[in-house]
Amino acid sequence: MANQQSLSRKNITNGVKNSVRRLGAYIDVLRIHRFDSNTPIKETMKVLNDVIETNDVKYIGTSSMRPIQFFKIQSVAEQNGWFKFVKVQSYYSFLYGEDERDLDIYYKKYNISFTP
């Protein structure tokens, strides 16, 4: 969903529909990038749930997000009975190993696949 500025219902819905049309099939894993503090978390997670329910997307993931942001988003999905993230990709390097501390939390609490 290149060149879209927010995780709003409109942007996600349009991006998914355009991608599915181009692919001629569903999206295996739709990954959102970066936390969007301008769009309510509930709006973002509801539309991500909706695109899975319509079978346009099979799974959702995220990247470039702080663990606390991830947990806030994941808990909104959990509280509403919506689909949750199954994959996290994060910035990782030997100089910045902060995510390494949080791996246990991703795995134990959420059974999340983690890609550095």
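Helices (H or I, at least four residues) and strands (E, at least two) are taken as DSSP runs and numbered from the N terminus. On that basis, the protein chain of this predicted model has four helices and four strands. Their order along the sequence is α-β-α-β-α-β-α-β. The chain has 116 residues, of which 41% are buried.

**Overall fold**

- Among contacts between residues at least 6 apart in sequence, 72% join residues that are at least 24 apart.
- Elements named below include helix H1, residues 9–23, strand S1, residues 27–33, and strand S2, residues 57–63.
- Helix H2 spans residues 41–53 and helix H3 spans residues 67–80.

**Packing of H2 against H3**

- Two packed helices are described by the angle between their axes and the distance between the axes.
- For H2 and H3, the axes come within 9 Å and the crossing angle is roughly 60 degrees.
- The H2 and H3 crossing is right-handed.
- On the H2 side the contact is made by Ile41, Lys42 and Met45, and on the H3 side by Lys72, Ile73, Val76, Ala77 and Asn80.
- Sorted by class, the residues of this contact are five nonpolar, one polar and two charged.

- The structure contains one cavity of 30 Å³ or more.
- The volume of the largest cavity is about 40 Å³.
- The lining of the largest cavity is formed by Leu7, Ile32, Phe35, Asp36, Thr39, Pro40, Ile41, Thr44 and Ile73.
- Six of these lining residues are nonpolar, two are polar and one is charged.
- Ile41 and Ile73 line the largest cavity and also take part in the contact of H2 with H3.

**Valine 51**

- Valine 51 lies in helix H2.
- Valine 51 counts as buried because its relative accessibility is 5%, and buried means under 20%.
- Beyond its neighbours within four places in sequence, valine 51 has contacts with Val16, Leu30, Asp56 and Val57.
- The C-alpha atoms of valine 51 and isoleucine 12 are 8.7 Å apart in space, while the two residues are 39 residues apart in sequence.

**Lysine 10**

- Lysine 10 is part of helix H1.
- With a relative accessible area of 60%, lysine 10 is exposed, since the class begins over 50%.
- Lysine 10 and threonine 44 are 34 residues apart along the chain, and 9.9 Å separates their C-alpha atoms.
- Threonine 44 is also one of the residues that line the largest cavity.

**Loop residues with positive phi**

- Most residues other than glycine have a negative phi.
- Arginine 34, in the loop between S1 and H2, has a positive phi, near 65 degrees.
- Asparagine 55, in the loop between H2 and S2, also has a positive phi, near 65 degrees.
- Which accessibility class does arginine 34 fall into? Arginine 34 is exposed, because its relative accessibility is 53% and the exposed class lies over 50%.

Definitions and conventions. Residues are numbered from 1 along each chain as its sequence is written. This is a predicted model: local features need pLDDT of at least 70, side-chain atom pairs count only at pLDDT 80 or more; totals for chains, interfaces and linings use all residues. Side-chain values use heavy atoms; hydrogens and water are left out. On a 1 Å grid over the protein atoms alone, a cavity is a set of points where a 1.4 Å probe fits but cannot get out, and a pocket is an open set with protein on both sides within 12 Å along at least five of seven lines; lining residues have an atom within 4 Å of a point. Grid points are joined across faces, edges and corners, and a volume is the space filled by probe spheres set on the points. Ala, Val, Leu, Ile, Met, Phe, Trp, Tyr, Cys and Pro count as nonpolar, Asp, Glu, Lys and Arg as charged, and the others, Gly among them, as polar. Axes are lines fitted to C-alpha atoms, for helices over the stretch in contact, and angles run from 0 to 180 degrees between N-to-C directions. A crossing is left-handed if the near helix is turned anticlockwise from the far one by less than a right angle, and right-handed if clockwise. Contact means heavy atoms within 4.5 Å. Buried means under 20% relative accessible area, exposed over 50%, partly exposed in between (1.4 Å probe, protein chains only).
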